[in-house]
Amino acid sequence: MHTETLLAHAARTTARAVQSVNPPLVRTSTVVFDTLQAYQQAQRGLVFDAPRYGRSGTATTFELQRAMATLAGAQGCIATGCGLAAIVAVLAAHAGPGRHVLLSEGVYGPTRAFCEQDIAAAGTHIDFFPHGADIAPYLRDDTSLVFVETPASLTMEMLDVRAVCAAAHRRGIPVAADATWGTPVFFDAHALGIDLSVHAATKFINGHSDVMLGLVTGSLDALAPVRAWCDRAGTHAAPDACWLAMRGLRTLAIRLQRHQASALAVAHWLQSHPRVRRVRFPALPGDPGHALWRAQFSGAAGPFTFDLAPCSERAFARFIESLALFSLGTSWGGFESLVMPAVPHLLRAHAAPAHAARLVRLHIGLEHPDDLCADLAAALATSADDDA
Ligand SMILES: Cc1ncc(COP(=O)(O)O)c(C=O)c1O
């Protein structure tokens, strides 16, 4: 079955019971049982996606989890309150005194902050490896998890997921990936060897900029410590968010095709603009990560980053604020185009390079790409005037 067909038909089991095409939104705190035996079985939590108590999910949650697991080619899925909560659950489930967690250098800023400020403070050793490095020398006897993100947040470097997984698995170490950028539609994380694939469903999966949600897919064995941690910490998702994300999931494959076509059109246009030094988008031939992207992804919908030639703070603000179709905001993956200044050195270990070009992160929404290019052209022209 093609992905588009799967997404249209997945998760409609509970819908049939209420003679609807959409699964009903089941909101409940209390789950009730007819027999003591059924109650006791549910409380033991042996069935992965059976209702126990509202906090661990309702029929709505389990429909989304099953749809996502099917899409990702995984045995199971766990929904959490937001993408960061999913990342935290995966990291915390593998952390602890005497354990070592290895991460790729370009992980999402709050992922690094949680490691440095929380799990490290609680006795877990953490290390970061540069994208492109052989991870074998970084692995230790006490390494409990390798966590990667590809491409890197903001700077967009790729890494060889197969090589990372092979090196970690040789030593029996699981690998988790923040796979938000690719989604399961463009990035078959589990086929490449990833054990736990983490998604901020807040982004493309929901796609309508009105939900916070995280999803983790994997085998039931790989998910077991994450599920147990979510049960202890109470970080499962609300059914309302799952219901909305299910609606987003129906059109994910179609939306991604349009996001991809428009992102490529805008990226190509930017490449030929005299004030643009470089466009960082692995889907572009000539990008240093292009070969790895081709080998590991079947598409790319962005977001991407570009290096604007050095300019004054005033001219930079003028550029951002003159954009009419790109709103200034930190998210991405929704129907609307967004812009934000990318400041990776604030998130990484290294200092800001002197006289650095200014990095701009764009999410290309569902507007017509010609209108978006015209908007960028006008804002660049306005800010150039300002600089003169
Ligand atoms: C790559 C990546 N992972 C995770 C997250 C966190 O997701 P959420 O905002 O749903 O917590 C984000 C948010 O921007 C992100 O860009």
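Strand S11 (residues 338-342) has 4 of its 5 residues buried, so the rest of the structure largely encloses it. Buried here means under 20% relative accessible area, with over 50% called exposed and anything in between partly exposed (1.4 Å probe, protein chains only). Strands (E, at least two residues) and helices (H or I, at least four) are DSSP runs, numbered from the N terminus.

A quick word on the model: it is predicted, so local features need pLDDT of at least 70 and side-chain atom pairs count only at pLDDT 80 or more, while totals for chains, interfaces and linings use all residues. Residues are numbered from 1 along each chain as its sequence is written, and side-chain values use heavy atoms, leaving out hydrogens and water.

Now the cores. A nonpolar core is a set of buried Ala, Val, Leu, Ile, Met, Phe, Trp, Tyr and Cys residues joined through side-chain atoms within 4.5 Å. The largest has 84 residues, and Val146, Leu213, Phe281, Phe304, Phe319 and Leu362 have the most contacts inside it. Helix H11 (residues 252-271) gives the most to this core, 7 residues. Domain 1 (3-250) and domain 2 (252-387) both give residues to this core, so it lies between them; the bounds come from an automatic or database domain assignment.

Leaving aside neighbours within four places in sequence, Phe319 is in contact (heavy atoms within 4.5 Å) with residues including Phe306, Val360 and Leu376.
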